[in-house]
Amino acid sequence: MLRSELLKSCPYASHWVDSVIRTAYSIVESWRKRYLKGRAKKAKPKIKRRFARCKITLMKIDYSAKTIRITLKPWEYLTVSWKGLWFDRRVRGWAVGEVVIKDDRVIIPFKNSKVVKVKRVVGWDSNELSLDGYEPSIGFIHVDLRPLQSIKIVYEKKAIAQSKGKRELYEKYEARERNRVRGFINKLSAGLVRLLPNSIHVFEALDKENLTSKERVRRDRRKRNARTPWRRIHKRVSEVALTGSASPEYTSRECPRCRFRVETQVGHMFECPRCGLKMSRQNVAAVNIRRRYLKGKHRMWGFPRGLGP
Ligand SMILES: [Zn+2]
C-alpha cells in the first residue's frame with residue numbers, strides 16, 4: 001500500500017520508492033533497537049541530511065570504463081566515474097556496492113572479499129599507557145602507548161595558544177596533533193596486523209557498559225573516551241583486521257586460573273586469595289577478555305572450533 005501510495009507522486013524510477021521504503025525501515029529498526037536498549041530517545045528519528053541509496057537494479061556498472069550509470073527516471077541517467085581518482089588503484093578488482101547519492105556528492109562503496117584462515121585469537125586490554133594482549137602460543141604482548149601521551153603533552157602548547165586567543169595558531173597545533181595521533185594509531189594497527197597475521201583481535205566492548213545508567217555517567221564516559229585513544233585504536237584495527245568484542249565486566253578482577261572474583265581492585269598487581277596466582281592486572285584482563293570471547297555467542301559467526309582457550 002505504501003509503495004503504491006508513494007508511486008503516485010514519484011517522478012523517479014519505481015525502484016527508488018522501494019529503496020526509500022527499505023531505508024526508512026532500516027532507520028526505524030535500528031532506532032527501535034537502540035531505544036529498547038535505552039540508548040535512543042523516544043522521539044522518532046529524523047533525517048538531518050538527505051540521501052538516497054541506489055538499488056543495484058538501478059545501476060549499470062562498467063568495470064572497464066570505471067563508470068556507473070544510475071537510472072533517475074526512465075531514460076534519464078546520472079553517470080559517475082572513478083577513473084583516475086585517487087582511490088582508483090586501491091579498488092582495482094573490487095566490486096561496487098550500493099551507491100549513495102547526497103545533495104553535494106555521490107558515495108561509491110567498494111567491496112572486496114578475502115578468505116582469512118584464523119589461527120589466533122588475541123585478547124587485548126587497553127588503558128592510557130598501554131595495550132596488553134594475550135595469545136597462548138605467543139604469551140603476553142605489551143604495546144607501549146606512552147608516545148601517544150607525549151604527543152598530547154607537547155601540544156598542550158595549543159591550549160596556551162587558545163587561551164591567548166591566537167585562533168590560527170591554535171588550529172595549526174590542533175591539526176598537527178590530530179595528524180600525529182592518527183599516524184601513530186595507523187602505524188600501530190598496521191604493525192599488529194603484520195606481526196599477528198590471521199588473528200582475531202578481541203577488545204572490551206566499551207559501548208555496552210552502563211546501558212541503564214543515568215545521563216551524567218554517560219557524559220563522564222564520553223569525556224573519558226575522548227581523552228583516551230582506545231576507542232580509536234579499536235576502530236582502526238577493525239578496519240584492517242578481524243575483531244571481536246567481549247563484555248568488560250570484572251575483566252581485571254577475576255582470577256584467570258580459578259575464576260575467583262575479588263571484590264576490590266587495588267594496585268597494579270592481581271593476587272588471587274584462593275589459588276595464589278600473581279599477575280599484572282592488564283594481563284589478567286587480556287586473558288579474561290580472550291576467554292570470554294571464545295566462550296561467548298560470537299562463535300556463531302563461523303568461529304573455527306578446536307581453538308579453545
Ligand atoms: Zn585463582
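I'll start with helix α2, residues 14-36, which lies across β1 and β6 and runs at about 110° to β1. Keep in mind that this is a predicted model.

How far apart are the end C-alpha atoms of α2? They are 34 Å apart, and at 1.5 Å a residue the 23 residues of α2 should span 33 Å, so the two values agree. Just after α2 comes Gly38, with a positive phi of about 80°.

Now the buried side of the helix. The buried residues of α2 are Trp16, Val17, Asp18, Ser19, Ile21, Thr23 and Trp31. Their cover includes β1 and β6 again, along with α1 (2-8) and β3 (67-73).

Next, the sheet under discussion. It is an open sheet of 3 strands, in the order β1-β6-β7, with antiparallel pairing. β1 (51-53) and β7 (106-107) are the edge strands, each pairing on one side only. As a reminder, strands of a sheet pair through backbone hydrogen bonds, either parallel or antiparallel. Between β1 and β6, residues 100-102, there are 3 bridges.

Last, the metal. Which residues coordinate the zinc ion? They are Cys255, Cys258, Cys272 and Cys275, each through SG, at 2.2 to 2.3 Å. Along the chain these donors follow the spacing C-x2-C-x13-C-x2-C. The angles among the 4 donor atoms are 104 to 115°, and the site is tetrahedral. Is Cys255 buried or exposed? Its relative accessible area is 0%, so Cys255 is buried.

Notes. Residues are numbered from 1 along each chain as its sequence is written. This is a predicted model: local features need pLDDT of at least 70, side-chain atom pairs count only at pLDDT 80 or more; totals for chains, interfaces and linings use all residues. Side-chain values use heavy atoms; hydrogens and water are left out. Donors are N, O and S atoms within 2.8 Å of the metal (3.2 Å for Na, K and Ca); water is not among the atoms, so sites may look incomplete. Four donors count as tetrahedral if all angles lie between 85 and 135 degrees; four count as square planar and six as octahedral if opposite donors are over 155 degrees apart and all others between 65 and 115; anything else is irregular. Buried means under 20% relative accessible area, exposed over 50%, partly exposed in between (1.4 Å probe, protein chains only). Two strands pair if DSSP finds at least two bridges between them. Helices (H or I, at least four residues) and strands (E, at least two) are DSSP runs, numbered from the N terminus. Contact means heavy atoms within 4.5 Å. Axes are lines fitted to C-alpha atoms, for helices over the stretch in contact, and angles run from 0 to 180 degrees between N-to-C directions. The expected span of a helix is 1.5 Å times one less than its number of residues.
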